[in-house]
Amino acid sequence: MGDRILAGKLAVVTGSNSGIGLGVAEALAAAGADVVINSFTDAAEDHDLARRLASGHGVAVRYLQADMSKPDQCRALIAQAGRCDILVNNAGIQHVAPIPEFPAEKWDAILAINLSSAFHTTAVALPMMRAQGWGRVINVASAHGLTASPYKAAYVAAKHGVVGLTKVTALETAGEGITCNAICPGYVLTPIVEKQIPDQMKTHGMSREDVIAKVMLARQPSGQFVTVEQIGGTAVFLCSDAAAQLTGTTISVDGGWTAL
Ligand code: NAD
């Protein structure tokens, strides 16, 4: 089972029944952490997934339902977890439209799920981390937390906000054995990206292949999607002793996108 550097820690990963959140939950479990996985769905598959992760990695894994668009449920998730050594704020949604046509309710939902949820979970988790003098807050931001693209007003605004929240959290916890950093992935082929392809095809008048090559991966000099395993590995590194002085910053895992 490799190096179990996180044995005895409890990680809460928001939005972790698919994509990057699941990849991070799996990497933390493989490193020996007990894990709470979350989504808003509470489906039989969510509980099956928890059992699969637990038996696959020999750790305790619980599924807890919480709708991360609701402040009270964000806070209750951490309270229900009981403790929280590692908090990964990952839940996120996307909507693509020009600003004049951008639905106000989509703006509100993206700001709530992609940004405000991280504030609410962090508010409850920090006292738990302080009580044990150790903690890791990992915010899954985006290359769009550092740079912009047209038609993604709410997402880009929320992810820039996440980077700001990351810096403030780091400053408020510096010297307490707690770090807070943001991982900024480029394009990872997960359901959130799959769902954007039809909208981007419409907006740009392009085929699926052209959207992938000319819109998405055109920004990514490597010409390859990032994998969820690579994001998971970055999260484990941020939890390691080697990263104990790494706080208040962003780590780009984007195939060179933000170097352009
Ligand atoms: P995904 O759609 O596979 O995963 C999103 C997760 O969030 C799912 O587990 C979903 O259940 C959960 N979620 C959505 N709304 C929720 C809600 N109201 N309450 C609780 N959970 C909710 O997409 P992903 O690509 O894995 O995205 C995960 C994170 O990574 C997001 O914050 C996203 O912005 C970020 N990100 C993704 C990419 C990419 O290319 N895929 C790039 C940069 C950043």
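Visitor: Which strands does helix H3 lie across, and at what angle does H3 run to S3?
Guide: This is a predicted model. In it, helix H3 covers residues 71–81. H3 lies across strands S1 (10–13), S2 (34–39), S3 and S4 (86–89). Its direction makes an angle with S3 of about 150°.

Visitor: Helix H4 packs on the sheet too; what angle does its direction make with that of S4?
Guide: Helix H4 spans residues 104–132. H4 touches S4, strand S5 (135–140) and S6. With the direction of S4, the direction of H4 makes about 175°.

Visitor: In what order do the seven strands form the open sheet, and which are the edge strands?
Guide: The pairing in this sheet is parallel. The order is S3-S2-S1-S4-S5-S6-S7. An edge strand here pairs on one side only. That gives strand S3 (61–65) and strand S7 (250–253).

Visitor: What is the bridge partner of Ile-183 in S7?
Guide: Strand S6 holds residues 178–185. Four bridges join S6 to S7, and the two run parallel. In S7, the partner of Ile-183 is Ile-251.

Technical notes
Residues are numbered from 1 along each chain as its sequence is written. This is a predicted model: local features need pLDDT of at least 70, side-chain atom pairs count only at pLDDT 80 or more; totals for chains, interfaces and linings use all residues. Side-chain values use heavy atoms; hydrogens and water are left out. Two strands pair if DSSP finds at least two bridges between them. Contact means heavy atoms within 4.5 Å. Axes are lines fitted to C-alpha atoms, for helices over the stretch in contact, and angles run from 0 to 180 degrees between N-to-C directions.
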